[in-house]
Amino acid sequence: MTETSLRERKKVATRQALSRAAALLAVERGVEGVTIEAIADAAGVSPRTFHNYFPGKEEAIVAPLTDGARAVIDALRARPAGEPIWDALREVVRESLLPTDTRDETIALLRVVKRNPALVGKQLCGIGEMQRQIAEVIAARTGTHAGRDLYPHLLAGAAGVAMRTAVDLWVDGRSGADLPELIDSAFAQLRAGLPGP
């Protein structure tokens, strides 16, 4: 059991090292200036090892964003059972976005991704899977069924759009508000039925 656990931890550490190296190189050199060999070298592994974790550089570059989104799922599962689902989603998004230890790197990576259509596509694929998993958690918390009910999927999708919209406005600096304020506002508007201005 311990050996498997150690092996799994090493796999996670290698994936994180590769994805962080890919993201940093993309920010530093631009996506076109990043190669699989450079990513592998920066992470201290071989290109063959790289391919054990990612099919291409684009997936590795967006992995810090898509892997970070998995923290949202875990945090949502850990919220108190009696907490209203809108409150739970808002709190999880606020707590999970932009960890302070990688905040500047994440902002720079988000800007790189927004400028590159291929990276946007890879990020959206990861977010789509996250939404499906969040819908399953929402279904379990609300007594609905993820396989047949719209509610958990609509709520997961709305939460995902709220999160992405708040982050996009904040990263671009167009809103004049801080990220927690934008998230709170987005969730409040959705919860109120998105009333007109």
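This is a predicted model: local features need pLDDT of at least 70, side-chain atom pairs count only at pLDDT 80 or more; totals for chains, interfaces and linings use all residues.
The largest nonpolar core comprises 57 residues, among which I39, F50, L76, L89, I134, I138 and F187 touch the most other members. Two or more residues are given to this core by each of the helices α1 (2-29), α2 (36-43), α4 (57-78), α5 (85-96), α6 (103-114), α7 (117-142), α8 (150-172) and α9 (179-191). The core also spans the domain assignment, with at least three residues drawn from domain 1 (6-61) and at least three from domain 2 (66-192). The surroundings of L76 illustrate this packing: when neighbours within four places in sequence are left aside, L76 is in contact with I85, A88, L89, V92, I134, V137, I138 and R141, and of these partners L89, I134 and I138 are themselves listed with L76 among the core residues that touch the most other members.

A glutamate was also examined in helix α5, where E91 is located. E91 counts as buried because its relative accessibility is 19%, the cut-off being under 20%. Beyond residues up to four places away in sequence, E91 touches R79 and E83.

The second largest pocket holds about 180 Å³ of space. Its lining is formed by V161, A162, T165, A166, L169, L182, S185, A186, Q189, L190 and L194, and the elements that contribute two or more residues to this lining are α8 and α9. By class, eight of the lining residues are nonpolar and three are polar, whereas no charged residue is present in the lining of the second largest pocket.

Terms used:
Residues are numbered from 1 along each chain as its sequence is written. Side-chain values use heavy atoms; hydrogens and water are left out. A nonpolar core is a set of buried Ala, Val, Leu, Ile, Met, Phe, Trp, Tyr and Cys residues joined through side-chain atoms within 4.5 Å. Buried means under 20% relative accessible area, exposed over 50%, partly exposed in between (1.4 Å probe, protein chains only). Helices (H or I, at least four residues) and strands (E, at least two) are DSSP runs, numbered from the N terminus. Domain bounds come from an automatic or database domain assignment. Contact means heavy atoms within 4.5 Å. On a 1 Å grid over the protein atoms alone, a cavity is a set of points where a 1.4 Å probe fits but cannot get out, and a pocket is an open set with protein on both sides within 12 Å along at least five of seven lines; lining residues have an atom within 4 Å of a point. Grid points are joined across faces, edges and corners, and a volume is the space filled by probe spheres set on the points. Ala, Val, Leu, Ile, Met, Phe, Trp, Tyr, Cys and Pro count as nonpolar, Asp, Glu, Lys and Arg as charged, and the others, Gly among them, as polar.
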